[in-house]
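Try each task before you read its solution.

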Amino acid sequence: MPAFIAPDGHSRCQWCGGAPEFLPYHDNEWGFPVDNDQRLFEKLCLESFQSGLSWRTILNKRENFRTAFHHFDFHQIAHFSEDDVQRLLQDAGIIRHRGKIEAVINNAQRAQAMVEQEGSLAAFFWRYEPDADSLAAPQTQTTSPESIALSKELKKRGWKFVGPTTAFAFMQAMGLLNDHSPSCITRERVEKARQRFQRPV
């Protein structure tokens, strides 16, 4: 897989060359392990909004999404009403898709139930961390057995807009696997972060 040579002269994943805002997101967020429930919930919501769109569109609107959805505090979102849905449908700063907006509210309620049942979202999601030895070559797939299983379980629990591709993109971004290209300078940093990371239980 060809690499992208960043302005600092070092190699990165090829997709970093797609837009200027991709590089800081790639270097500082993508693939680094996350155990914060609010960040995990945010990412899953943003990935569901991305469905059918580009990540660049979502990344550029991320701060607007955070403002509109109370920084993805699912305890607050769980109490959103039809008035909130109407407010969000009028918000030009986000993706005004009723089904996806209603899914975030639904999923916030499901997230609350999951915290009660599992202790935290992190404890649940990190059960789906794949065995590193079983992984395909980086960035060669858009789903995996683990993302299919995660999607199936979330849907069983009543979550919406959480298909296997959305689940896999979520797992890539939240560090459940290191999918940086072998030549990418950030791959080693992510690997060290994953080694230090204490898996939630």
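A cavity is a set of grid points where a 1.4 Å probe fits but cannot get out. Its volume is the space filled by probe spheres set on those points. Keep in mind that this is a predicted model.

**Exercise 1. The cavity**

Find the volume of the largest cavity and sort its lining residues by type.

Step 1. A search of the whole structure finds 1 cavity of 30 Å³ or more. The largest cavity has a volume of about 30 Å³.

Step 2. List the lining. It includes the run Leu135, Ala136, Ala137, Pro138, Gln139, Thr140 and Gln141. Phe168, Leu177 and Asp179 also line the cavity.

Step 3. Sort them. The lining has 6 nonpolar, 3 polar and 1 charged residues.

**Exercise 2. Two residues**

Decide for His26 and for Gln117: buried or exposed?

Step 1. His26 is in helix 1 (residues 22-28). Gln117 is in helix 7 (residues 98-118).

Step 2. Apply the cut-offs: buried is under 20% relative accessible area, exposed is over 50%.

Step 3. His26 has 0%, so His26 is buried. Gln117 has 55%, so Gln117 is exposed.

**Exercise 3. Around His26**

Identify the polar contacts that the His26 side chain makes with the side chains of other residues.

Step 1. One partner is the side chain of Asp27, at 2.8 Å.

Step 2. Another is the side chain of His180, at 3.1 Å.

Step 3. Widen the view. Leaving out residues up to four places away in sequence, His26 touches residues including Cys13, Cys16, His180 and Cys184.

Technical notes
Residues numbered from 1 in each chain as written. Predicted model: local features only at pLDDT ≥ 70, side-chain atom pairs only at ≥ 80, totals over all residues. Heavy atoms only, no water. 1 Å grid on protein atoms, 1.4 Å probe; cavity = no way out; pocket = protein on both sides within 12 Å on 5 of 7 lines; lining within 4 Å. Nonpolar A, V, L, I, M, F, W, Y, C, P; charged D, E, K, R; others polar. Helix = DSSP H or I, 4+ residues; strand = E, 2+ residues; numbered from the N terminus. Buried < 20%, exposed > 50% of the residue type's maximum accessible area, 1.4 Å probe, protein only. Polar contact = N/O pair within 3.5 Å; in protein donor to acceptor, adjacent residues only side chain to side chain. Contact = heavy atoms within 4.5 Å.
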